[in-house]
Protein chains: 2
Amino acid sequence: MDYVTELTEKGRIAKQAARKLAVMSTAVKNKVLMAMASALEENQAVICNANTEDVDRAEKAGMPKPLIDRLLLNQGRIHAMADGLRQIAALPDPIGEVLTGWKRPNGLTMAKERVPLGVIGIIYEARPNVTVDAAGLCLKAGNAVILRGGSEAIHSNTAITAAIADAAHKAGAPAGAIQLVETTDRQAVIAMLKLNQYLDVIIPRGGAGLIRTVVENSTVPVIETGTGVCHTFVDASADPAMAQEIAFNAKVSRPGVCNAMETLLVHQAVAAEFLPAMLARYHAAGVELRGCEQTRQYHPAVKPATAEDWATEFLDLILAVKIVTGLDEALEHIAAYSTRHSEAIVTRDYGNAKRFQQEVDAAAVYVNASTRFTDGFEFGFGAEIGISTQKLHARGPMGLPELTSIKYVINGTGQIR
Amino acid sequence: MDYVTELTEKGRIAKQAARKLAVMSTAVKNKVLMAMASALEENQAVICNANTEDVDRAEKAGMPKPLIDRLLLNQGRIHAMADGLRQIAALPDPIGEVLTGWKRPNGLTMAKERVPLGVIGIIYEARPNVTVDAAGLCLKAGNAVILRGGSEAIHSNTAITAAIADAAHKAGAPAGAIQLVETTDRQAVIAMLKLNQYLDVIIPRGGAGLIRTVVENSTVPVIETGTGVCHTFVDASADPAMAQEIAFNAKVSRPGVCNAMETLLVHQAVAAEFLPAMLARYHAAGVELRGCEQTRQYHPAVKPATAEDWATEFLDLILAVKIVTGLDEALEHIAAYSTRHSEAIVTRDYGNAKRFQQEVDAAAVYVNASTRFTDGFEFGFGAEIGISTQKLHARGPMGLPELTSIKYVINGTGQIR
């Protein structure tokens, strides 16, 4: 089957499924999620075998070790995916919530109610666990989902989808609620991005290249996720010990994720006091340092930062460091280079804290805490489908409510205008 | 100046202005809106002269009378535009509202606050009053705006923008808060749709052709507005008098707007009783009728409806009429042809009312009322920037809250992860 036929057919079936999912009770949705979780565990051997095919091929192709580790599935990881589905079952159902309601002078009553988005397309890269998370979250929010994972995980994703889609259908979900694009042809992504007739939204999850391809080519509405050039600004009044802990944590605790810090900004008044120990600690932890001219005098390992470094999401143990004249320059730098994901200030000055939070334009703006907290679980939302870095529809961690739309339900007694 | 240079420069200035607008107090914003209102009235002669240029040119070009009427400005209309700005000043400021807040077990406090979207691009057609409405709404919600009106209104829009932008700046708004694209080159629209560096969202207001051009070409996030293929379903249990009033009002009260009904669906059990008088009343009101085979037996003026008629937004005194076997067929027809704007059922059956409201996927779903109520003022929102027919970000009438985004403001005491 060619990919246009495949996508059109999957879109058509998903749209039909979405009508049934929209009116499905919470009890049935939860039963479906629990059945999907059990199916993962019951089909563990089949899924692991399929995964071995992907891993073998990746090793032969010379895929770097950290990426192979992300691709790898084992008993523990399959149980973790199943537990994720059970946690989604335990989350409150967002559908049907009445957000607000009122009565008009003419007697019409109006209620603004949460409804599903409809059909969601998810385009993602290596990790096969996204297949399960995305399917579970979309289903709980009453949406049909069309998944398009990376070609390197195609056998794993096919085995996973077969298991959970079949279990979902047997437990009461309509056929087509969960579908995987089977072709690995890259052109299929472009075709998917034009499927306006069937898709209500596309959410890309992956690197900057994938996000760019989606934003540039999609005629379906997109929610951009993920890119994080995050800053921490150490103000003149910062508690030095707190600043060091926060700045170290934000860079080193997990450098490969989007909420990790990429640039450290330091107020010039405290640079001489703060930076020598800080830079030495980074260096000892294996962080490659790239700094402005002034920064370089505080540690011999600091290489000169280029203009490009300020705009780069390293996703690695690399840090750009800049000394600034004060809050204004920090705000200017952040306005110029931030991807509007997560930004932090460490300060004891009330006015500066307030100005930073008001003036910085980002999904999450922190005072005296690590940027690493921008995450669905850390926010208390439970599982997330991604971190939105755009301002439309959803911003920051996207949980179940972000996978919904609204509808005005209006009741009259014959009103005309 | 070529249009790419013009747009890039306007985008750059708008982005700077947006940072200042985001932190502007409600008092200053309202003062700016009042100054803009006064400026319209003070510059009435200049604006009317400019408008005469547009109208003369349109008449020479043979523009149809109703369109010329939409283009025309006079003293009364300029006062109405000024009053619109004063009404926007009186609306509550959405910015800074804390939507929700909570404390995490680790002591982090989190608040979800309303912030402006940033820079909004509005692309619209004939009516010069959109220039004023859009500028006022964007400003009150703390956004910079780049306006791109129709070439047929370019002199009017230029004179209006000059008056209000100058007054806004003098009253305290940053330079570049309100800008108009001056070139009438159609390619400028395409360039605007790619201005991701500066624009946070584009809202098209106009006919289906404009909306399609924007959706197909924009890499900036879009909020689709307007197209309304709205249905009214007269159920078997409908109160016949109420059904007639609602069905007549929905079609005839203002056929040129998006919330007008385009297709009437009638339950077969009441067709013989309901349709003869209804069709006669439409015919007497000058409505051209296009019906299914069964419908045609109830009035000699009913022409045969084509497949295309079911999918057409006539925006005129034309109505498609179809007899259906019951609620299920009505729901199927609506699912197939609705543009998800406004849909109505007239019924006395509780179960059918509930099913219709739950299963129909549209921005506004009515029981026993005319679809004509889908409107910012009728909903009690005040002025609107358009009616969103998409499910992302905003659905239905878009007032001030729909021109905002959110930000998470997080306060800690040194938390790391």
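Start by selecting Asn368(B): with a relative accessible area of 9%, Asn368(B) is buried (buried means under 20% relative accessible area, exposed over 50%, partly exposed in between, using a 1.4 Å probe and protein chains only). You'll find Asn368(B) in strand β13, residues 364-369 of chain B; helices (H or I, at least four residues) and strands (E, at least two) are DSSP runs, numbered from the N terminus. Check the backbone too: phi of Asn368(B) is near 55°, a positive value in a residue that isn't glycine. Most residues other than glycine have a negative phi.

A word on ground rules: this is a predicted model, where local features need pLDDT of at least 70, side-chain atom pairs count only at pLDDT 80 or more, and totals for chains, interfaces and linings use all residues. Residues are numbered from 1 along each chain as its sequence is written, chains are lettered from A and ligands numbered from 1 in the order in which they are written, and side-chain values use heavy atoms, with hydrogens and water left out.

Now hop to chain A and pick His393(A). Its phi is positive as well, about 70°, although His393(A) is not a glycine. This one sits in the loop between β14 (387-388) and β15 (396-397) of chain A. Is His393(A) buried or partly exposed? At 22% relative accessibility, it counts as partly exposed.

While you're in chain A, colour it by domain. Domain 1 covers 3-223 + 398-411 and domain 2 covers 230-377; these bounds come from an automatic or database domain assignment. Taken over C-alpha atoms, the centres of the two domains of chain A are 35 Å apart.

Back to chain B, and on to Lys251(B) in helix α10, residues 240-252. Lys251(B) is buried, at a relative accessible area of 0%. Which residues does Lys251(B) contact, leaving aside neighbours within four places in sequence? They are Met261(B), Glu262(B), Tyr282(B), Val287(B), Asp316(B), Leu317(B), Ile318(B) and Leu319(B), where contact means heavy atoms within 4.5 Å.

Next, a helix pair: show α3 (residues 44-60) and α5 (residues 75-90) of chain B, which pack at an angle of about 120° with axes 11 Å apart. Axes are lines fitted to C-alpha atoms, for helices over the stretch in contact, and angles run from 0 to 180 degrees between N-to-C directions. α3(B) and α5(B) are therefore oblique to each other (under 35 degrees is roughly parallel, over 145 roughly antiparallel, 65 to 115 roughly perpendicular and the rest oblique). On the α3(B) side, Gln44(B), Ile47(B) and Cys48(B) meet Gln75(B), Ile78(B) and His79(B) of α5(B).

Among the residues making the contact are Val46(B), Ala50(B) and Arg57(B) of α3(B), along with Ile154(B) and Ala159(B) of α7(B).

Last stop: Gly172(B), in the loop between α7 (154-170) and β5 (178-180) of chain B. With 41% relative accessibility, Gly172(B) counts as partly exposed. Not counting residues up to four places away in sequence, Gly172(B) touches Met24(B), Val28(B) and Val32(B).
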